Amino acid sequence: MIVHPIKPLYNSSSKILILGSFPSVKSREEGFFYSHPQNRFWRVMASVCSSEIPQTIKEKKKLILDNEFALWDVIHSCDISGSSDSSIKNVAPNNIGIILENSNVNRIFVNGKKAESLYKKYIEKQVGIEAVCLPSTSPANAQWSLEQLTDYWKSMLNTSLL
């Protein structure tokens with residue numbers, strides 16, 4: 001059983017919550033979201049926010065918070081082999097109510113199909129907010145180019161910020 005080692009990233013101004021499934025081995029080692037260099041999350045978010053690609057954890061936190069996003073994962077703890085979402089078992093969900101009670105979040109997006117299925121199974125009924133599934137930024141999602149991901153994420157997230 002591995003427990004999620006990263007605190008949720010949000011503040012009172014956050015309006016949109018983006019949830020992944022569970023941090024990769026690299027993210028668990030670094031202690032921050034989407035730390036694997038092949039994951040396209042930070043490149044996509046920089047484009048969505050019309051910003052430079054953040055390099056440090058401090059810059060990544062600033063990008064998310066300055067643009068009224070919140071970031072966390074669906075899973076609090078689970079059994080997982082390496083970073084493989086398909087190996088996830090024995091899930092205990094995170095309490096995203098903490099974020100909802102202390103922010104202005106009213107839209108939730110999930111990063112990939114695994115996060116979507118886990119959100120629907122463990123969280124959606126409790127919080128009463130349907131999550132919108134975005135295509136995964138993981139390098140395992142080879143069907144989507146960086147350009148396609150960026151265009152899709154931009155259209156979905158920027159519409160929600162209006």
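Trainee: What makes arginine 28 a buried residue that has no salt bridge?

Mentor: Keep in mind that this is a predicted model. Arginine 28 does count as buried, and the nearest side chain of opposite charge, glutamate 29, is 7.7 Å away.

Trainee: Which backbone oxygen lies 3.3 Å from a polar atom of the arginine 28 side chain?

Mentor: That's the backbone oxygen of glycine 82. The cut-off for a polar contact is 3.5 Å, so 3.3 Å is within it.

Trainee: Where does arginine 28 lie, and what is it in contact with beyond its neighbours within four places in sequence?

Mentor: Arginine 28 belongs to helix α1, residues 25-30. Leaving those sequence neighbours aside, its contacts are Ile2, Pro5, Phe22, Pro23, Ile80 and Gly82.

Trainee: On to the rings. How many aromatic pairs are there?

Mentor: Six.

Trainee: Why is the pair of phenylalanine 41 and tryptophan 153 called edge-to-face?

Mentor: The ring centres are 5.8 Å apart, and pairing asks for centres within 6.5 Å, so they pair. The planes stand at 80 degrees, and over 60 counts as edge-to-face, so that's the label.

Trainee: What parts of the chain does that pair link?

Mentor: Distant ones: phenylalanine 41 sits in helix α2 (residues 41-48) and tryptophan 153 in helix α7 (residues 146-161), 112 residues apart. Phenylalanine 41 and tryptophan 153 are both buried. They also belong to one aromatic cluster, along with Phe32, Phe33, Tyr34 and Trp42.

Trainee: What kind of aromatic pair do tryptophan 144 and tyrosine 152 form?

Mentor: Edge-to-face: the centres are 5.5 Å apart and the planes make an angle of 65 degrees, which is over 60.

Trainee: Why do tryptophan 144 and tyrosine 152 count as partly exposed?

Mentor: Buried means under 20% relative accessible area and exposed means over 50%. Tryptophan 144 has 27%, so it falls in between. Tyrosine 152, at 31%, lands in between too, so it's partly exposed.

Trainee: How do you know whether leucine 157 is buried or exposed?

Mentor: Its relative accessible area is 0%, and the limit is under 20%, so leucine 157 is buried. You'll find leucine 157 in helix α7.

Trainee: Which residues is leucine 157 in contact with, leaving aside its neighbours within four places in sequence?

Mentor: Ile16, Ile18, Met45, Val48, Phe69, Phe109 and Leu134. As for cysteine 49, it is 108 residues from leucine 157 in sequence, yet their C-alpha atoms are 9.5 Å apart in space.

Technical notes. Residues numbered from 1 in each chain as written. Predicted model: local features only at pLDDT ≥ 70, side-chain atom pairs only at ≥ 80, totals over all residues. Heavy atoms only, no water. Phe/Tyr/Trp six-rings, centres within 6.5 Å; stacked < 30°, edge-to-face > 60°. Helix = DSSP H or I, 4+ residues; strand = E, 2+ residues; numbered from the N terminus. Buried < 20%, exposed > 50% of the residue type's maximum accessible area, 1.4 Å probe, protein only. Contact = heavy atoms within 4.5 Å. Lys, Arg positive; Asp, Glu negative; His and termini not counted. Salt bridge = Lys/Arg side-chain N within 4 Å of Asp/Glu carboxyl O. Polar contact = N/O pair within 3.5 Å; in protein donor to acceptor, adjacent residues only side chain to side chain.
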